[in-house]
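Please read the numbered points below alongside the displayed sequence and coordinates.

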Amino acid sequence: MFPSEGFFRNVFFQPYNDRGSAKVINSAKNSRHFVQRLDLEKILETHHGCVNSVNWNDSGSLLLTAGDDKHIVITNPFSYNVLVDFKTKHKTNIYCAKFLPTSDNRIISCSADGSVLNLDLERPEETEWNFFTCHCSQCYKLETIPNEPNIFLSCSEDGTVRQYDLRTGVKCTKQRCNDHELIDCGKPVSTIAINPVKPYQLAIATIDSIVRIVDRRKIIKNNLFQNIVPEFSFTVPHLNHRDYRVTSLSYSPDGRDMLASYSHEEIYLFSLSKDSCTTAVANDFLENAPSPPPFKRIRLRGDWADTGPLSRPSTDNPDNHTTSRIQSQIMVRMSEMLINVLNTPLYTIFLQNWRPNYSPSVSESLRRHIRTIEPQGESDEFDIHHRDDRMALEISFENNIEQTTSNSYYRQVEILSKTDKKPPVFDDFIALQAIKAQYKGHRNDRTLIKEATFWGNDFIMSGSDCGHVFVWDRYTCEIVMLLLADAHVVNCIQPHPSRLLLATSGVDHNVKLWSPISVDRKFNQSFVTELVERNKLMMEESKDIVTVSPSLIVRILTYFNQIRRRRYWSRPYY
């Protein structure tokens with residue numbers, strides 16, 4: 001007697017047609033036997049920088065990748081030949097690139113400056129400047145609609161979700177325009193997702209850790225841009241002591257569940273059923289939003305010492321601390337000074353009054369707070385020049401997938417938006433969805449685009465800061481497989497749409513292809529236990545660390561050097 005479901009039953013009863021083959025492949029994806037035999041098939045050396053985006057075409061015959069080198073590369077995943085290597089006109093790193101549905105030559109991509117490119121590879125010279133420049137901040141995610149080649153969506157740190165219809169226009173050069181605006185959420189949007197079964201359902205993750213699913217048809221039909229009632233809302237109640245950024249959203253293949261990956265936290269599965277609601281509402285968490293905890297340490301942007309398979313907690317090896325490589329008193333003093341700046345109202349003053357000449361009241365506030373950092377004497381007013389207040393102090397990354405702590409970025413955005421408050425967009429008094437499952441063991445601290453997704457129906461996959469791909473059983477939540485996929489961080493996880501093939505990328509300058517080619521079962525439970533404990537310790541250590549750029553340190557040192565010089569020249573002579 002054969003079991004009602006399973007790989008071997010489907011093989012035995014397989015009819016000789018395409019539908020039967022698809023059923024066999026789907027059941028193979030749901031087999032732990034094959035999952036635990038995934039092994040590296042090929043490394044594609046196709047880029048000269050971090051690879052931030054991996055995407056399959058509809059049939060799975062082409063693999064599209066893009067990243068820091070601003071190149072769009074299309075590869076045949078079976079022959080491994082590069083078919084297209086196109087240098088785009090993007091000025092900054094590409095974060096997301098996708099094929100438009102039903103097409104293998106029409107590409108969309110977005111970058112760190114918020115620009116969205118609409119490119120036709122059959123007419124590259126005509127379309128390479130087809131940019132939508134509507135966003136005024138970083139754009140991390142693009143979403144296409146199944147079987148719809150002319151409409152796509154984007155989200156940005158500027159708080160907007162935009163919908164583009166290429167039948168009405170192939171580009172837009174206006175700055176901060178509202179022509180394609182679908183929703184202005186009033187707060188930064190980290191990622192979005194379209195339900196593959198119900199394409200009208202749009203999931204939106206905002207910086208306040210809440211995910212809302214809205215019906216696009218109702219927004220378009222009624223022209224509602226305020227007080228939108230979500231179909232579903234969810235967050236993680238026990239995270240109410242601080243805000244955690246959602247780096248990835250993924251619908252289950254049947255569209256009934258939602259997978260959300262939280263930075264500095266775990267991965268959660270939520271049920272999209274009206275029967276699984278809780279008694280809590282989103283507004284309960286928004287009204288009682290806590291103040292973020294103070295910063296404790298700084299990390300230089302671009303320092304990946306706490307990532308990869310060789311990284312260890314500082315408790316295991318104190319000499320392996322991120323900043324211990326520079327033992328000079330100058331670095332120690334610099335760290336203390338920056339932490340004091342970022343934990344006092346001086347930070348607020350910088351962000352709210354980022355202009356060349358400060359008013360007397362602001363200057364007095366600056367002098368007062370600078371005395372707490374430089375107690376040896378008084379300081380005079382000084383000028384600060386910067387090109388854009390939204391990049392103030394470079395606390396948030398610039399042209400980099402590396403993230404600061406979620407509370408530091410939210411603090412920056414909240415300060416910048418105080419003078420332009422908008423009424424709430426969403427009706428947050430609907431009941432929150434219940435948590436269906438929680439997946440632990442990985443580490444999601446360092447990057448903003450770390451993905452989590454489904455492998456078939458029965459498994460969950462995610463990248464990690466330890467350089468591994470984690471695979472969990474969807475129902476038991478146990479880790480069933482690990483893949484060492486990067487020397488630092490794994491960000492992108494993209495299963496082939498029909499075959500047993502997985503594409504991954506991260507900080508390494510390549511793309512890796514995985515398939516169940518190993519003869520033996522490649523899973524070591526004792527190593528998994530050790531790695532999970534290590535990740536837990538390191539994730540706790542990384543909380544409340546602020547990532548700063550070297551140019552920020554240079555600027556702050558320059559400011560204080562100017563203060564000392566003016567103090568010296570203004571002192572009386574006897």
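1. The accessible surface of the chain comes to about 25000 Å², and carbon and sulfur atoms contribute 51% of that area. Accessible areas come from the Shrake-Rupley method with a 1.4 Å probe, and for residues only the protein chains shown count as cover. The model is predicted: local features need pLDDT of at least 70, side-chain atom pairs count only at pLDDT 80 or more, and totals for chains, interfaces and linings use all residues. Residues are numbered from 1 along each chain as its sequence is written, and side-chain values use heavy atoms, with hydrogens and water left out.

2. Of the 574 residues in the chain, 58% are buried. Here buried means under 20% relative accessible area, exposed over 50%, and partly exposed in between (1.4 Å probe, protein chains only). Among the contacts with a separation of 6 or more, 62% are between residues 24 or more positions apart; a contact means heavy atoms within 4.5 Å.

3. The chain contains 12 helices and 32 strands. Both are DSSP runs numbered from the N terminus, with helices being H or I of at least four residues and strands being E of at least two. Two strands are said to pair if DSSP finds at least two bridges between them.

4. Strand β7 (residues 106–111) has five of its six residues buried, so the strand is largely enclosed by the rest of the structure. Strand β6 (residues 94–99) pairs with β7 in the antiparallel sense over five bridges, and F99 stands opposite I107 in β7. Six residues lie between the strands in the hairpin of β6 and β7, where T102 takes a positive phi near 65°.

5. β7 also pairs with strand β8 (residues 116–120), in the antiparallel sense and over five bridges. Within this pairing, C110 stands opposite V116 in β8. The hairpin formed by β7 and β8 has four residues between the strands, and G114 in the turn has a positive phi of about 90°.

6. How many disulfides does the structure hold? It holds zero disulfides, a disulfide being a pair of cysteine sulfur atoms within 2.5 Å. C96 is in no disulfide, and the nearest cysteine sulfur, that of C110, is 4.9 Å away. C155 is likewise in no disulfide; for C155 the nearest cysteine sulfur is that of C139, 6.0 Å away. Is C96 buried or exposed? At 5% relative accessibility, C96 counts as buried. C155, at 0% relative accessibility, counts as buried.

7. An open sheet of four strands has the order β10-β11-β12-β13, with antiparallel pairing. Its edge strands are β10 (139–145) and β13 (181–184), each of which pairs on one side only. From one strand to the next, the twist averages 20°; axes are lines fitted to C-alpha atoms, for helices over the stretch in contact, and angles run from 0 to 180 degrees between N-to-C directions. Strand β12 (residues 160–165) pairs with β13 in the antiparallel sense over three bridges, and the bridge partner of V161 in β13 is I183.

8. Strand β20 (residues 267–271) pairs with β24 in the antiparallel sense over four bridges; the bridge partner of I267 in β24 is Y439.

9. Which way do the residues of strand β26 (residues 459–462) point? F459 and M461 point one way, I460 and S462 the other way, and all are buried. Strand β25 (residues 452–455) pairs with β26 in the antiparallel sense over four bridges, with S462 in β26 as the bridge partner of A452. The hairpin of β25 and β26 has three residues between the strands, and G456 takes a positive phi near 65° there.

10. β26 and strand β27 (residues 468–473) also pair in the antiparallel sense, over four bridges. I460 stands opposite W472 in β27. In the hairpin formed by β26 and β27, five residues lie between the strands, and G467 in the turn has a positive phi of about 85°.
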